[in-house]
Amino acid sequence: MEKLPLHAIRALARAADNWPLTTWFTARGVPPELTARHPWNRRSAPTSLAENIDGMPEDDDLNYPLLNLLLLRRHGPAFTTADVAALWLDELPAARTFTAERVAYRNLLNGVVPPRTARHRNPFREWIGALIRADVHGWTHPGDPGAAAEQARRDACLTHTGNGVYGAMFAAATIAQAASGSGDVHHCLATGLTVVPPGSRLAEAVGHGIELARTTRRFDDVVDALHTAYGRYHWVHVVPNAALLAAALTHADGDFTGSITRAVSGGWDTDSNGATAGSVAGLLAGHPDALPARWTAPLKNRLATSVGAFDGIGFDELATLTHELTHPHPTEETSP
């Protein structure tokens, strides 16, 4: 669904009798003239439509959690932005970077040093890329949203400025609170907002998304209101996407399926928003067995990636590696 406009997403899902969304997108039953008018993401359709899924396919967004596991294994939580840069040059193929990350990578190759890499000729520096990279920082700091946000900030400063950095901090803090095992999704989102400037466009948009979701019965109406308010932004900008993410989590009340399907149904950066919504709601579910098998079984516990050391790894092994890098907050009990 990435890059498709909202009306196309709705038309394709309705044609497959999958609206409101409840499961994977499929081409089965969708008239050819509709797919010709609104073609699937050509890179993703062969691996990500329901009828084609065979393990988790390679995706640029999923490279970053793996890179951050390597980052923490090599440098620990005191890593610097320069450490992030060096790791990328060592482990991340340049062709698998996009927008702000590609500009920063090019800047590094040209001798520009962080944090100027985020500012020099970088028109994408407030887009969603740093938020996409924030999960591991939250996962490894359960109950310590401040530490998670600070870690995410050092990562984000390689590629982003302003609201681009705030988005990463918000996501990391929200996820850290969800990982603590205490509080519902509304408390998690409120916690996430505590680490970003309250007068920022990011904070205002997230607050707007939450309020719309609290007061509007149909999520389609929430989405329409968000597109009216933030449609002037590029579809990969962090401000509208963070608003949609917060609205989806709020409206679904933390439910896993409801959270990811609402996030994707809202358009804009669909794969990123669905993933971050799942990151939060999956933690709130409390156990992997609580996640519906229709989401997990097709992935066959196998992840493809451009980060070579991890290609083909299982999600169970990744969970173990992440747990080994976790730093529980002193006030939180450590789960067995």
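Predicted model: local features only at pLDDT ≥ 70, side-chain atom pairs only at ≥ 80, totals over all residues.
**Reading loops, helices and domains**

Biologist: I see Pro20 in the loop between helix 1 and helix 2. How is a helix defined here?

Modeller: A helix is a DSSP run of H or I with at least four residues, and a strand is a run of E with at least two. Both are numbered from the N terminus.

Biologist: What kind of peptide bond joins Trp19 and Pro20?

Modeller: A cis bond, with omega about -5°. Pro114 and Pro115 are also joined by a cis peptide bond, with omega about 0°. Pro115 lies in the loop between helix 6 (99-109) and helix 7 (116-119).

Biologist: How do I read "buried" and "exposed"?

Modeller: Buried is under 20% relative accessible area, exposed is over 50%, and partly exposed is in between (1.4 Å probe, protein chains only). Lys3 has a relative accessible area of 59%, so it is exposed.

Biologist: What is the phi of Lys3?

Modeller: Near 80°, a positive value in a residue other than glycine. Trp268 is not a glycine either, and its phi is positive at about 55°. Trp268 sits in the loop between helix 16 and helix 17. Its relative accessibility is 8%, so Trp268 counts as buried.

Biologist: Let's stay with helix 16. How many of its residues are buried?

Modeller: Nine of the 10 residues in helix 16 (residues 256-265) are buried, so the helix is largely enclosed by the rest of the structure. Among them are Phe256, Ile260 and Val264. The cover includes helix 1 (6-15), helix 14 (219-230), helix 15 (238-251), helix 17 (270-285) and helix 18 (293-296).

Biologist: What caps the N-terminal end of helix 16?

Modeller: First, the rule for a polar contact: a pair of N or O atoms within 3.5 Å. Within protein, one must be able to donate a hydrogen and the other to accept it, and residues adjacent in sequence count only if both atoms are side-chain atoms. Here the cap is Asp255, with a side-chain oxygen 3.4 Å from the backbone nitrogen of Thr257. After helix 16 comes Gly267, with a positive phi near 80°.

Biologist: Which residues of helix 10 and helix 11 make the contact?

Modeller: Contact means heavy atoms within 4.5 Å. Helix 10 gives Pro145, Ala148, Ala149, Ala152, Arg153 and Ala156. From helix 11 come Val165, Ala168, Met169, Ala172, Ala173, Ala176 and Gln177.

Biologist: Where is Thr159, and is it buried or exposed?

Modeller: Thr159 is in the loop between helix 10 and helix 11. Its relative accessibility is 0%, so Thr159 counts as buried. Beyond neighbours within four places in sequence, its contacts include Trp88, Glu101, Asn122 and Arg133.

Biologist: Which residues does His38 touch, leaving aside neighbours within four places in sequence?

Modeller: Leu4, His7, Ala8 and Leu12. His38 lies in the loop between helix 2 (32-37) and helix 3 (45-48). With a relative accessible area of 10%, His38 is buried.

Biologist: Last one. How are the domains divided?

Modeller: Domain bounds come from an automatic or database assignment. Here it gives domain 1 (6-37) and domain 2 (60-298). Their centres, taken over C-alpha atoms, are 27 Å apart. Domain 1 puts 10 residues into the contact, and domain 2 puts in 14 residues.

Key: Residues numbered from 1 in each chain as written. Heavy atoms only, no water.
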